[in-house]
Structure formats: C-alpha cells, structure tokens
Amino acid sequence: MTSTLDEPSPMVGREAPPNLAQKEPPRRDRRYLGGPLVQSFQVRLRTTTPILGGSPEPRQVDTVDVIRVPSIRGHLRFWWRALHGHECPTAQALAERERALWGGVGGEQGTRSRVEVRVEVERASVTGNPDNVKPGDTGAYALWPARASNTESAAPQLNAGLLFQLHLRAPLEHMTEVENTVRAWILWGGYGGRTRRGLGGLTVVDELSRWLPSTPAREDLRKLFHGLPLLGAAPAGGARQVPLLQGARLFHGRTEKASETAWVNALAWLRDFRQDQGPRGNRGEGSTSHFAREWGAPKRPGRSRWPEADKIRALVRKPDGTAWAHVPRAAYSTSREASWPRAGFGLPLATRFQQNARPSPGERQVRPYAEREPDDVELRWHDGKKVRERFASPLIVKAMPLANGTFVPIALWLCRAWPDHGHVVLLRKGHREHVPGSEAPFERLLAPGDTALYAPLRASSLSEAFFSWVKARGAKES
C-alpha cells in the first residue's frame with residue numbers, strides 16, 4: 001500500500017508494516033482551531049483504460065507515487081471550474097473564488113487549500129505495453145503520442161485495473177461543491193494525460209449509485225449533481241472562455257459491459273469523422289462526399305477532403321516556384337483566405353505530408369524534389385499580440401461509467417467561447433513567425449467562396465458538424 005499526502009510519504013517504495021496497512025477508521029467531523037466545521041469522505045476508484053503520463057517528467061508514468069495528489073488536484077480544479085464558471089461574472093472573479101477554496105498564488109501571498117486530498121493505492125497496475133504503438137492496437141488513436149520517434153523511445157503506459165482510495169476533507173459549507181467536483185472528474189475526466197481522448201478513465205468500486213448516474217439522460221445527471229445546471233442552453237454571462245458544463249452537449253451510444261469496448265467506440269466517432277476513407281469505390285476527386293478522405297489503400301488513405309492540406313499547399317511555396325506533388329484543388333484554392341476547421345479540436349495541430357511515392361508493395365520510394373510535398377507545418381493561434389501554442393480541445397470522447405456497472409461511449413462538447421481577438425495561424429517548422437495570409441477565425445469551416453468537399457463542413461459550426469455525423473451513426477443526445 002502506498003500512502004500519499006501532498007508530498008511523498010516516507011513509506012513510498014517500501015512495504016508498510018502490518019499495523020499501518022490496516023484500514024484506518026472513518027474520521028469524525030471536527031473544527032480546526034477557530035475555523036469552520038469540516039467533513040471528510042472517501043471513494044474507492046479503479047482505472048478502466050491505460051494511463052499515459054501523470055509523472056512530473058514528460059512522457060513518463062510514476063512507478064513510485066503511482067497516483068499523485070498534485071495531479072489529482074489539477075484535475076479536480078479543472079472540473080470545479082467547469083461546474084461553477086457560469087456563476088462568476090468574469091474570469092478574474094472565478095479565479096478568486098477558486099483560490100479561496102483550492103488555494104493558490106494571489107495578492108501578496110499564497111492561499112492554503114481548504115480541501116485536503118490523500119490517496120491510498122491498494123493495487124498498483126503493472127507497467128503496460130513498452131513497445132511502440134501500432135495502427136490497429138486497442139486505443140491507438142488516443143495513444144499515438146506514446147509512439148517512438150527519431151529522438152524519443154516509446155512512452156510507457158500503466159494498464160487498466162489500478163485500484164486506489166481517494167480521501168478528501170473540506171469545510172462542511174463546501175462539501176457539496178467538492179463531492180460534485182469528484183463526480184464530474186470520475187464521469188468525464190481521468191488520471192494522467194490525454195484524458196479528453198479517454199485515457200486514465202475511472203469508475204467507482206463501492207457506493208456506485210452515490211457517484212454514478214443510472215443512465216446518461218440529462219435528468220439523471222442533474223439529479224446526481226443535486227440540481228446543478230448541466231448541459232442545456234449556454235449561460236448568458238459568466239466566465240465564458242472557461243470550459244463549462246452548463247451549455248455543454250452530451251451524445252452517447254449504446255451501453256457496453258466492458259469499458260474498453262465503450263472507449264473504442266467513442267474514439268471511433270472522432271477518428272472516422274476526421275479520417276475515414278470509406279469503401280474501396282470512394283473516389284470522385286473534387287466532388288462532395290460523406291467520407292473524410294478519398295480511397296487510397298487500407299494502410300495509406302487517399303487525399304483528405306478537409307481544406308487544411310490544400311490551404312497549406314496554396315500558402316507555402318516551393319523555393320523554386322514549382323508546383324507541389326498535389327496541386328491544390330479548386331474547391332479550396334479559389335479563395336485567397338485561409339480556413340482551419342480542425343483547429344477546433346485543439347491546438348497545436350501538426351501536419352506532416354507524405355513524402356514517399358506509392359511504390360509496389362514492400363518497397364519505399366522517396367519522391368524526387370519536383371514531386372515533393374510541403375515540409376512539416378503546425379497550426380497554432382494568435383491572441384492579437386503573440387503566437388500561442390496550446391488551446392485545449394472542447395471535445396471529450398470516452399467511456400462513461402454507469403451505476404449498474406456498465407459503460408457508455410460518450411462525446412461531451414464543453415461550452416466555451418473562442419478567445420477574444422484570437423485567430424488560428426500556420427507556422428513552418430522551426431519558424432517563430434506565422435505564414436502571411438494564414439490567419440483565420442476559430443469558428444470558420446470554409447473560407448468565403450470555397451466549396452465543401454466533405455459534406456459535414458456545410459454545417460454552421462464544427463460541433464454541429466460532428467454531432468450531426470455521430471447522430472447519423474446512432475448516437476443520441478442526453
């Protein structure tokens with residue numbers, strides 16, 4: 001058993017004596033000297049999908065403090081903001097309220113957290129697949145950052161099945177807030193990295209009906225969260241540039257007994273919406289299709305029907321002025337303006353063009369320079385003053401646990417306003433300045449005058465395009 005407080009325990013890495021390994025008695029409500037009445041609770045949790053990251057070191061899992069309190073605190077603070085951001089008139093007011101409960105730096109000195117967090121690991125997971133993630137592996141679409149590269153080896157994972165107890169203590173007046181925060185983290189978050197793609201998923205081992213809904217219906221969710229407004233209409237005010245659960249949209253598939261099956265089904269919605277090439281006969285270059293790519297081959301799809309690749313070819317020129325291997329299609333090159341619709345799924349977004357020709361099976365042939373494609377580029381965003389790198393995806397796809405022990409694939413689109421004065425820009429690899437003419441609004445799916453080659457891009461927004469697509473595949477809105 002590993003016991004963790006806000007700093008590593010001296011028992012970490014050693015077997016606890018028998019008297020310390022015994023389950024401690026429940027703690028009574030009490031007051032700190034001169035402070036408010038405090039209350040504590042605990043919840044037993046089990047991981048349902050692999051964990052990637054979660055260590056202080058990038059691309060590493062922690063094999064000593066397997067579940068770290070600082071990491072959990074970060075997740076809980078995010079979900080507390082998602083639950084209560086609509087109640088604060090500004091982002092600054094939200095930050096002050098968050099600091100008063102969860103602690104942090106502000107004013108002349110820091111504020112101590114009023115929420116105590118402690119972890120007891122009952123069963124540590126064995127380090128997962130150390131080999132490179134391959135296409136076709138379970139969850140490969142979410143695990144692609146773990147792949148080996150020319151400069152890094154494959155990142156380790158922790159297998160599902162890790163069991164731990166989470167202990168929290170907080171002022172009685174904030175207990176409902178804290179419990180709801182833990183519920184949101186269990187249902188829609190996770191532990192470690194890539195939780196928005198379903199990694200580090202969680203479920204409850206005991207008292208399932210206290211923490212989990214019986215169905216994914218909106219009414220059951222609101223009842224579970226003591227009437228707190230979830231989903232539905234977007235708030236008129238509040239800290240709108242914070243991802244919020246009020247105004248979010250939740251779609252779900254059919255329930256599954258295995259968390260892995262539900263997770264893979266949820267991932268497939270996003271993967272196929274972005275990359276599916278459909279059946280072998282799906283060609284028709286230059287015509288509108290319901291498939292994201294033209295047919296190429298099982299392991300090498302054809303050209304994308306999203307506009308980004310053609311916009312890059314039009315904006316980034318060869319030094320000698322000759323054409324790229326693929327000439328930008330007229331549907332996306334007639335307009336002189338840029339559009340980067342997939343930026344709505346999160347930034348940065350790296351693009352690497354295929355520089356190899358299509359040789360015979362088993363061969364690899366590099367294109368001659370005259371037939372090359374653009375070098376690596378990356379989409380970031382500009383806040384009106386400087387280029388910024390990260391903009392978190394508002395979309396969460398994962399397996400959500402239910403109170404009867406089953407799991408349901410979900411797609412949750414958090415309510416968030418686009419940054420004021422912000423726009424998406426294109427950068428060449430190794431460059432600090434964006435490509436001239438590459439600026440485009442976040443919400444733009446098509447530039448003025450362009451014609452959609454991918455039918456969902458006719459929608460009014462990326463979220464509408466995605467949800468119309470998943471509804472056509474049987475998903476239902478909560």
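Predicted model: local features only at pLDDT ≥ 70, side-chain atom pairs only at ≥ 80, totals over all residues.
Me: Which residues of α3 are buried?
Reply: To count as buried, a residue needs under 20% relative accessible area. In α3 the buried ones are L94, E98, L101 and W102.

Me: And how wide an arc do those buried residues cover around the axis of α3?
Reply: The residues in question are L94, E98, L101 and W102. They sit on the same side of α3, because the arc they cover around the axis is only 75°.

Me: D62 forms a salt bridge with which residue?
Reply: D62 is buried, because its relative accessibility is 17% and the cut-off is under 20%. The closest N and O atoms of the pair are 3.9 Å apart, and the partner is R68.

Me: In helix α5, about how many helical turns separate R183 and E179?
Reply: The two side chains meet in a salt bridge, 3.7 Å from N to O, and both residues are buried. They are four residues apart in α5, which spans residues 175-188, so the separation is about one helical turn.

Me: Is R271 buried, partly exposed or exposed?
Reply: R271 forms a salt bridge with D272, with the closest N and O atoms 3.1 Å apart. Its relative accessible area is 34%. Between 20% and 50% is the in-between class, so R271 is partly exposed.

Me: Which residues are linked in a network of salt bridges, and how many salt bridges are there by this rule?
Reply: The network links E294, R303, D310, R313, R329 and E373. For the count, a Lys or Arg side-chain nitrogen has to be within 4 Å of an Asp or Glu carboxyl oxygen. By this rule the count is 27.

Me: Which residues touch the most other members of the largest nonpolar core?
Reply: Nonpolar side chains tend to be buried together in soluble globular proteins. Here the largest nonpolar core has 62 residues. Those touching the most other members are W79, F164, L166, W188 and L412.

Me: What does F164 touch, leaving out residues up to four places away in sequence?
Reply: F164 is one of the core residues that touch the most other members. Among its contacts are V43, L45 and I67, as well as charged residues R44, E120 and E122.

Me: Is H290 buried or exposed?
Reply: H290 has its place in the loop between α8 (259-275) and α9 (308-315). Leaving out residues up to four places away in sequence, H290 touches Y454, A455 and W469. Its relative accessible area is 58%, and the cut-off is over 50%, so H290 is exposed.

Me: How much of the protein do buried residues make up?
Reply: The protein has eleven helices and 16 strands. Of its 478 residues, the buried ones make up 50%.

Definitions and conventions: Residues numbered from 1 in each chain as written. Heavy atoms only, no water. Buried < 20%, exposed > 50% of the residue type's maximum accessible area, 1.4 Å probe, protein only. Helix = DSSP H or I, 4+ residues; strand = E, 2+ residues; numbered from the N terminus. Arc of directions from axis to C-beta. Core = buried A, V, L, I, M, F, W, Y, C linked by side-chain atoms within 4.5 Å. Contact = heavy atoms within 4.5 Å.
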